[in-house]
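Hi,

Here is the structure I said I would pass on.

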Amino acid sequence: MTRIDGLRRWTAAGALVAALVGGSGCSYNQFTTQEEAIKAQWGQVENQLQRRNDLIPNLVETVKGYAQQERDVFQAVADARAKMAGATTPADKIAAANAESSALARLLVVVENYPQLKSDQVFLGLRDELAGTENRIATERMRYNERIQEYNTLRRRFPSNITASMFGFKEYPYFDAPTSAEAAPKVNFGR
């Protein structure tokens, strides 16, 4: 091996190392940008979950006025709200939000048995606000899951998976709807 061949090999090795370091730096910046987007979108989800959480006591009190014997449903709603208040991580809040959705679905099914309640103006207003909030939660949840998908895909791709491993970029959980939400409760307010 001549001195020129050795120099070429060192130059090629140096170029390869520079490309790897440069590529790693680019994916590091991409990870941090996407993590911030996830956190911002999660904030939007939390805003809507809080709005729903604030509506629930008024809705429960309105329903209680007509249906005091439905104590187990009211207790399930209260337990779900307490679980939401105690949740600290996104995974805990996702589980609590899904429990709250299930409890609300049961509450709205109970309303079917009380025709006077279904025509109560306060209840109708709260029901409309709740429906709007549920739509906003679904939209923000979809946007959050889109950010998660972009991030997790980058995290698993080569060569950015090396950067993710080196710097400890963790996988984020999706906000999946509860399995009970796949079959919508049958509520007939027109009865």
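**What I found**

With a relative accessible area of 11%, Glu140 counts as buried. For that label, buried means under 20% relative accessible area, exposed means over 50%, and partly exposed is what lies in between (1.4 Å probe, protein chains only). The areas themselves come from the Shrake-Rupley method with a 1.4 Å probe, and for residues only the protein chains shown count as cover.

Before you go further, note that this is a predicted model: local features need pLDDT of at least 70, side-chain atom pairs count only at pLDDT 80 or more, and totals for chains, interfaces and linings use all residues. Residues are numbered from 1 along each chain as its sequence is written, and side-chain values use heavy atoms, with hydrogens and water left out.

**The overall picture**

The protein has six helices and zero strands, and along the sequence that gives the pattern α-α-α-α-α-α. Helices (H or I, at least four residues) and strands (E, at least two) are DSSP runs, numbered from the N terminus. Of its 191 residues, 35% count as buried. The accessible surface comes to about 11,600 Å², and 54% of that belongs to carbon and sulfur atoms. Take the contacts (heavy atoms within 4.5 Å) between residues at least 6 apart in sequence: 78% of them join residues at least 24 apart.

**Salt bridges**

How many salt bridges does a search of the whole structure find? There are twelve, each being a side-chain nitrogen of Lys or Arg within 4 Å of a carboxyl oxygen of Asp or Glu.

One of them pairs Arg52 with Glu134, where the closest N and O atoms are 3.0 Å apart. This pair links distant parts of the chain: Arg52 sits in helix 1 (residues 3–64) and Glu134 in helix 5 (residues 121–156), 82 residues apart. Arg52 is buried, at 1% relative accessible area, whereas Glu134 is partly exposed at 27%. Arg52 and Glu134 also belong to a network of salt bridges that takes in Glu100.

Back to Glu140: this residue forms a salt bridge with Arg143, with 3.4 Å between the closest N and O atoms. Both lie in helix 5, three residues apart, which is about one turn of the helix. Glu140 is the buried one, while Arg143 is partly exposed, with a relative accessible area of 37%.

Glu146 and Arg147 make another salt bridge, their closest N and O atoms being 3.9 Å apart. Glu146 is partly exposed at 34% relative accessibility, and so is Arg147, at 22%.

**How helix 3 and helix 5 pack**

Two packed helices are described by the angle between their axes and the distance between the axes. Helix 3 (residues 90–111) and helix 5 pack at an angle of about 145 degrees, and their axes are 13 Å apart. Axes here are lines fitted to C-alpha atoms, for helices over the stretch in contact, and angles run from 0 to 180 degrees between N-to-C directions. The crossing of these two helices is left-handed; that term applies if the near helix is turned anticlockwise from the far one by less than a right angle, and right-handed applies if clockwise.

Which residues meet across the pair? Leu104, Leu108 and Val111 in helix 3 meet Phe123, Leu130 and Glu134 in helix 5.

**Around Trp42 and Lys93**

Trp42 is in helix 1 and is buried, with a relative accessible area of 8%. Setting aside neighbours within four places in sequence, Trp42 is in contact with Pro90, Lys93, Ile94, Tyr144 and Phe175. The C-alpha atoms of Trp42 and Tyr144 are separated by 6.2 Å, although the two residues are 102 residues apart along the chain.

Lys93 is in helix 3 and counts as buried at 18% relative accessibility. Not counting residues up to four places away in sequence, Lys93 touches Trp42, Glu46, Met84, Ala87 and Thr88.

**A nonpolar patch**

Last stop: Tyr28, Phe158, Ile162, Met166 and Phe167 make a nonpolar surface patch of about 550 Å². Patches are made of residues with over 30% relative accessible area and no salt bridge; like charges are joined within 9 Å, and nonpolar side chains (Val, Leu, Ile, Met, Phe, Trp, Tyr) within 5 Å. Helix 6 (residues 160–167) supplies the largest share of the patch, three residues. Phe167 is in that helix and is partly exposed, at 44% relative accessible area.

Cheers
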